[in-house]
Amino acid sequence: MHVSITSQTMLPHQYRVQRVRQETPDTFTLELHPMSEASAIRFVPGQFNMLYLFGVGEIPISISGDPRKSPTLVHTTRAVGTVTKAMRGLRKGDILGVRGPYGSHWPIASGVGRDIVIIAGGIGLAPLRPTLYSIVADRDKYGRVILLYGSRTPIDILYRRELESWRSRFDLEIYVTVDRALKSWRGDVGVVTHLISKAPFDKQNCLAMICGPEVMMRFAVMELLKRGVPDDRIYISMERNMKCAIGLCGHCQFGSLFVCKDGPVFPYPGVKDLLSKWEI
Amino acid sequence: MENLERLLADHPFLAGLPKDHLELLVGCASNMKFNAKQYLFREGEEAEKFFIIRSGKVALELYVPGEGAITIQTLGEGEIIGWSWLFPPYRWRFDAQAMEQTLVIALDGKCLRTKCEGDHHLGYQLLKRFTDILEQRLQAMRMQLLDVYKNT
């Protein structure tokens with residue numbers, strides 16, 4: 001995606017908070033609506049916005065809502081830093097600055113006629129949720145649609161109600177596992193990569209999209225390759241410290257690439273040599 | 001027996017095993033059913049068997065004083081449980097409890113140990129397969145130890 005750099009590129013639009021939803025003890029979702037129709041943002045799954053909490057700071061957050069429900073924007077994030085902790089205190093009616101959308105997107109169109117394998121770890125489910133919305137909206141175009149989701153513990157599972165609703169559909173296969181659990185948890189325990197060898201998809205005719213901690217993505221790719229999935233059918237979403245979001249400041253430089261501009265979604269062959277380098 | 005032979009021959013864990021070895025395994029195999037909450041084995045008991053899950057789900061658990069039973073891993077259809085029968089002191093290190101009705105093929109490890117001592121080719125074939133499972137579980141355990149979702 002090309003970005004023409006003008007003053008408008010860096011200018012945030014005002015959005016009003018419509019709803020704040022607590023997803024897990026440390027993760028929350030903001031539902032935002034533009035204050036003027038002219039500033040409405042249209043996005044494709046995988047892209048991110050820069051959210052600006054006035055007087056506190058600006059951060060990149062992937063878009064986790066339904067692209068068909070534009071102009072409403074949905075962002076899910078964890079309260080871990082100064083800005084996100086302050087954002088957790090937002091209430092309905094508060095105003096945020098939004099600029100975007102930025103970055104590359106998931107190659108959903110190339111999944112038409114193929115099995116879709118979505119592998120998410122932790123909050124990595126958020127940037128993949130728009131993909132699921134889009135695929136579900138055009139369900140007939142795809143083969144099997146499989147979500148493999150790994151979480152730290154049962155209380156950290158994101159979008160629990162939605163996962164249950166997807167699981168009740170006959171045309172989606174949803175597998176959820178947690179890394180650790182007390183005996184009261186009746187679901188699966190084990191790492192998400194363990195699910196890959198068991199998932200029923202056509203290894204030669206699938207599209208795999210992965211988002212989660214980098215270590216988890218590396219292991220997931222190894223399992224997919226071991227299973228026989230061609231590497232050019234694998235896409236991952238990278239995360240780096242993004243500041244300008246337009247490839248100018250260099251904060252998110254990843255080898256010769258900029259995560260904000262060339263990513264965050266990359267075809268695996270394009271980044272595989274960089275993933276194992278410590279210095280990058 | 002014919003049914004067991006077919007089930008074992010079709011299982012990926014035993015793929016490529018010569019017919020005579022397969023027949024030998026069938027001689028050590030039996031079908032077992034565990035109801036939900038029933039234990040396949042308990043920590044400290046003698047490890048005499050290993051199991052191939054035909055259907056259902058099993059939780060490997062460890063009791064932690066003050067916290068209760070922690071589920072380490074769950075295993076389902078087609079997966080293998082148990083390698084303690086292979087290594088001294090031949091005692092289970094975890095509890096294994098059926099989470100739902102579970103059908104397994106149980107293989108008599110005690111009997112197999114003796115046969116492996118007498119036929120090193122069979123011993124190598126089995127060890128090679130169990131090492132593959134051990135490697136997978138070790139990798140998974142390393143990832144769990146990294147606690148990758150903690151700060152992301």
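## Reading the model

Residues are numbered from 1 along each chain as its sequence is written, while chains are lettered from A and ligands numbered from 1 in the order in which they are written. Because the model is predicted, local features need a pLDDT of at least 70 and side-chain atom pairs count only at pLDDT 80 or more, whereas totals for chains, interfaces and linings use all residues.

Let's start with confidence. The score pLDDT is the predictor's confidence in each residue, from 0 to 100. Chain A averages a pLDDT of 92, and 97% of its residues score at least 70. Helices (H or I, at least four residues) and strands (E, at least two) are DSSP runs, numbered from the N terminus.

## Two domains in chain A

Chain A is split into domain 1 (7-102) and domain 2 (108-237); these bounds come from an automatic or database domain assignment. The C-alpha centres of domain 1 of chain A and domain 2 of chain A are 25 Å apart. Where they meet, domain 1 of chain A gives 15 residues and domain 2 of chain A gives 15 residues. Here, two residues are in contact if their C-beta atoms, placed from the backbone, lie within 7 Å.

On the side of domain 1 of chain A that touches domain 2 of chain A, the elements giving two or more residues are β1 (13-24) and β5 (73-78) of chain A. That side has 4 nonpolar, 7 polar and 4 charged residues. In this count, Ala, Val, Leu, Ile, Met, Phe, Trp, Tyr, Cys and Pro are nonpolar, Asp, Glu, Lys and Arg are charged, and the others, Gly among them, are polar.

## A sheet of seven strands

Chain A has an open sheet of 7 strands in the order β11-β9-β8-β7-β12-β13-β16, with mixed pairing. Strands β11 (188-189) and β16 (265-267) of chain A stand at the edges with a single partner strand each, so one side of each has no neighbour in the sheet. Two strands pair if DSSP finds at least two bridges between them. Strands β7 (residues 115-121) and β8 (residues 145-151) of chain A pair in the parallel sense over 6 bridges, and A:Ala120 stands opposite A:Tyr149 in β8(A).

Helices lie across this sheet too. Helix α5 (residues 214-227) of chain A lies across β7, β12 (206-211) and β13 (234-237) of chain A and runs at about 160° to β12(A). Helix α6 (residues 268-275) of chain A lies across β13 and β16 of chain A, at about 95° to β16(A). For these angles, axes are lines fitted to C-alpha atoms, for helices over the stretch in contact, and the values run from 0 to 180 degrees between N-to-C directions.

## Where the chains meet

Which strands form the open sheet that holds β10(A)? The order is β10(A)-β5(B)-β4(B)-β7(B)-β2(B), 5 strands with antiparallel pairing. At the edges are β10 (181-182) of chain A and β2 (39-41) of chain B, each with a single partner strand, so one side of each is left without a neighbour in the sheet. Strand β10(A) pairs with β5 (residues 68-75) of chain B over 2 bridges. Across this pairing, A:Leu182 stands opposite B:Ile70 and A:Ala181 stands opposite B:Thr71.

In the contact between the chains, 18 residues of chain B touch 23 residues of chain A. On the chain B side, β4 (58-64), β5 and α4 of chain B each give two or more residues, and β5(B) gives the largest share, 7 residues. By class, that side has 10 nonpolar, 6 polar and 2 charged residues.

## Backbone details

Most residues other than glycine have a negative phi, and most peptide bonds are trans. The peptide bond from A:Ser70 to A:Pro71 is cis, with omega near 15°, and A:Pro71 sits in the loop between β4 (57-62) and β5 of chain A. Another cis bond runs from A:Gly100 to A:Pro101, with omega near 0°; A:Pro101 is in strand β6 (residues 95-102) of chain A. In chain B, B:Lys37 is not a glycine, yet has a positive phi of about 75°. B:Lys37 lies in the loop between β1 (29-34) and β2 of chain B.
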